[in-house]
Amino acid sequence: GGFLTPLGAVAAAVIGERYGYSRPLLIGFLFQIAVMISLYCLGSPAAYLTSLILLNFPITFIGAYLMGLIGSLEGTGRGTSLAGAAINFGGAAGPALGAVILSGRALSMVGWFAAITLAIGLALSNIAARHWQRAHR
């Protein structure tokens, strides 16, 4: 899936602010949720392989929009610095936390846990996107 990683960021750069932040974030988060459910819950080799190929595309797509949104709402640069730290913390702590919380349960629980976490991220980013939209009317 690594070869699709830069394409998510390229897609975000091409689309830009044309549709604001809410719509691209909604599409990106829903796509990521679908990939996670497919990866962990469907159980078919084809779904697993397809999910692995697609996994990083929405991550970089969403990340580009989240960084842009944070940067446009907070002009000092501290917000984007903290966002980068939060991403790194989540990348390190998320798998460990998932293993502790979900140990002994079916692997599909990891997919649902990821989907719920992504849905929370979508809801929170939508709040920030609405603030941006009001400021740019």
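Serine 125 is buried, with a relative accessible area of 5%; buried denotes under 20% relative accessible area, exposed over 50% and partly exposed the range in between, for a 1.4 Å probe and protein chains only. The residue belongs to helix α6, residues 108–135. Apart from residues up to four places away in sequence, serine 125 touches Leu25, Phe29, Leu66 and Leu69, a contact being heavy atoms within 4.5 Å.

The model is predicted: local features need pLDDT of at least 70 and side-chain atom pairs count only at pLDDT 80 or more, while totals for chains, interfaces and linings use all residues. Residues are numbered from 1 along each chain as its sequence is written, and side-chain values use heavy atoms, with hydrogens and water left out.

**Overall fold**

The protein chain has six helices and zero strands; helices (H or I, at least four residues) and strands (E, at least two) are DSSP runs numbered from the N terminus. The radius of gyration is 16 Å, close to the 14 Å that the globule rule gives for 137 residues, so the chain is as compact as a globular protein of that length. That radius is taken over C-alpha atoms, and the rule is 2.2 Å times the number of residues to the power 0.38. Along its principal axes, the C-alpha trace spans about 50 × 30 × 25 Å. Of contacts between residues at least 6 apart in sequence, 77% join residues at least 24 apart. Of the 137 residues, 26% count as buried.

**Helices α1 and α4**

The axes of helix α1 (residues 5–15) and helix α4 (residues 56–73) come within 6 Å and cross at roughly 40 degrees. Axes here are lines fitted to C-alpha atoms, for helices over the stretch in contact, with angles from 0 to 180 degrees between N-to-C directions. That angle makes α1 oblique to α4; under 35 degrees counts as roughly parallel, over 145 as roughly antiparallel, 65 to 115 as roughly perpendicular and the rest as oblique. Residues of α1, including Leu7 and Ile15, meet residues of α4, including Phe57 and Tyr65.

**Leucine 102**

Leucine 102 lies in helix α5, residues 78–102. Leucine 102 and phenylalanine 113 are 11 residues apart in sequence and 8.7 Å apart in space, C-alpha to C-alpha. Beyond its neighbours within four places in sequence, leucine 102 is in contact with Met109, Val110 and Phe113.

| Residue | Relative accessibility |
|---|---|
| Serine 125 | 5%, buried |
| Leucine 102 | 9%, buried |
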